[in-house]
Amino acid sequence: MKRAAIFALFLVAGCAHQQHGPRQQHVQMEPMVFTAKPGGTVEMNDAASLFERAGAAYGEKEFTVAAETFDRLVREYPDSRFVPPALYNAGLSLEGNHDLSGAAARYKRITVEHAATPEAIDAWYRLGFVYGEAKNYAAAADTYAQILGRKDLTLGDRLEAMARRGVAQFNQKDVIAAEHTFRDEMAYFHAHESEERLDSDFFVAMGAYYLGECAHEQYRALPVRLPEKQLSRDLEAKARLLLVAQARFLDAMRVNHAEWATAAGFQIGSLYREFYDDLVGAPVPPELKGEARDVYLEEGRKQVRSLLQKAVSIHEKNVLMAERLGESNEWVKRSNEQMAQLKKLLAPGPVAPQVPDTAQPPPEPEKPPLPRPRDDVRPPVVL
């Protein structure tokens with residue numbers, strides 16, 4: 001025997017026959033389900049008790065139990081006011097179990113079936129975030145574009161959607177579209193920053209940082225080619241983009257968000273190391289052979305040694321800034337590591353020539369994880 005009966009309970013306050021007394025009030029309670037269990041026992045449930053039980057499981061990180069219980073609530077009480085928050089919390093529980101497609105399905109239901117509820121806006125953001133975590137960047141970018149079509153966004157919400165949309169485009173390798181989005185974000189922020197106070201400048205700094213990364217990616221994409229006239233033009237183009245990227249990373253540091261500032265400082269130091277590698281690894285004119293080739297390479301390294309010294313100085317300043325701000329993260333760790341590597345290159349003594357294998361593309365530079373917003377997981381709904 002499964003479900004035995006469903007009872008809708010009503011509470012009536014006041015007296016209907018009192019002509020001048022308080023008006024009659026009707027408060028509809030949630031339906032209650034009695035289920036026969038093996039051994040003759042009866043289990044009594046309502047939406048509120050299921051919601052509370054699922055929430056307790058979520059709090060204990062019992063994500064499987066939490067998701068199943070929230071889903072049971074939605075299934076057994078489809079008309080309950082608990083359904084939208086239960087769907088939302090079920091999505092968070094499934095995220096906790098790394099079931100991104102299941103989480104996306106719950107958030108999507110809220111945006112479609114419960115679009116007017118308070119949970120809808122958070123569900124939209126979680127949906128975009130889950131798509132990004134699943135590397136479905138096209139769906140993430142589209143989701144944030146739909147969010148930006150809303151008229152009820154706060155300044156913080158709009159900046160977050162713009163920043164996240166730009167990151168999705170950046171991860172799609174559409175650097176031009178991403179740069180436009182980040183520029184729009186910065187322009188919108190400066191046009192409205194006096195109208196509404198932000199709780200956090202995280203997404204402002206994020207947009208400024210990624211504007212630097214857009215220039216950084218464009219720098220990396222530039223070729224370095226022979227003959228010598230072409231080589232000179234290519235290296236000049238790289239130098240110009242290095243300065244553009246550096247200026248943008250400095251703008252990101254001026255936002256004064258400690259995590260993004262250290263990320264930007266690390267990238268500026270990396271730019272100078274990359275430019276050094278591009279110069280010493282540039283193709284050698286084919287007419288140079290043997291000892292002449294070795295002399296050419298050694299003289300080239302001596303001439304660009306100052307780039308390594310500049311990189312060391314920038315990483316040192318980044319570490320000192322982090323210490324002053326009390327910030328300790330992967331970017332600071334990597335700045336320390338880069339300093340140690342660069343100082344070895346600068347140490348006296350012969351250095352083996354660094355000639356790239358032109359048959360293989362250069363490896364993707366390793367990067368520490370980017371800062372994550374502290375409100376990245378919009379909290380579960382508690383009623």
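**Helix packing in the predicted model**

In helix 3, residues Pro84, Leu87, Tyr88, Ala90, Gly91, Leu92, Leu94 and Glu95 meet Gly102, Ala103, Arg106, Tyr107, Arg109 and Ile110 of helix 4, where contact means heavy atoms within 4.5 Å. The residues of this contact comprise 9 nonpolar, 2 polar and 3 charged; Ala, Val, Leu, Ile, Met, Phe, Trp, Tyr, Cys and Pro count as nonpolar, Asp, Glu, Lys and Arg as charged, and the others, Gly among them, as polar. The structure is a predicted model, in which local features need pLDDT of at least 70 and side-chain atom pairs count only at pLDDT 80 or more, while totals for chains, interfaces and linings use all residues. Residues are numbered from 1 along each chain as its sequence is written, and side-chain values use heavy atoms, with hydrogens and water left out.

Helices are DSSP runs (H or I, at least four residues), numbered from the N terminus. The axes of helix 3 (residues 83-96) and helix 4 (residues 100-113) come within 8 Å and cross at roughly 160°; axes are lines fitted to C-alpha atoms over the stretch in contact, and angles run from 0 to 180 degrees between N-to-C directions. The two helices are therefore roughly antiparallel, a term for angles over 145 degrees, whereas those under 35 degrees count as roughly parallel. Helix 3 passes helix 4 in a left-handed crossing, in which the near helix is turned anticlockwise from the far one by less than a right angle.

Helix 3 also packs with helix 5 (residues 119-133), at an angle of about 20° and with the axes 10 Å apart. That makes helix 3 roughly parallel to helix 5, and their crossing is left-handed. Pro84, Pro85, Tyr88, Leu92 and Glu95 of helix 3 meet Glu119, Asp122, Ala123, Arg126, Phe129 and Val130 of helix 5. This contact consists of 7 nonpolar, no polar and 4 charged residues.

Helix 13 (residues 305-325) has 21 residues and spans 31 Å from its first C-alpha to its last, close to the 30 Å expected, a value given by 1.5 Å times one less than the number of residues. Its buried residues (under 20% relative accessible area, 1.4 Å probe, protein chains only) include Leu307, Leu308, Ala311 and His315. The buried residues of helix 13 pack against helix 10 (228-254), helix 11 (258-280) and helix 14 (330-346). Gly326, with a positive phi near 70°, follows helix 13.

Arg273 is found in helix 11 and counts as buried at 16% relative accessibility. Not counting residues up to four places away in sequence, Arg273 touches Leu308, Ala311, Gln338, Gln341, Leu342 and Leu345.

Technical notes: Angles under 35 degrees count as roughly parallel, over 145 as roughly antiparallel, 65 to 115 as roughly perpendicular and the rest as oblique. Buried means under 20% relative accessible area, exposed over 50%, partly exposed in between (1.4 Å probe, protein chains only).
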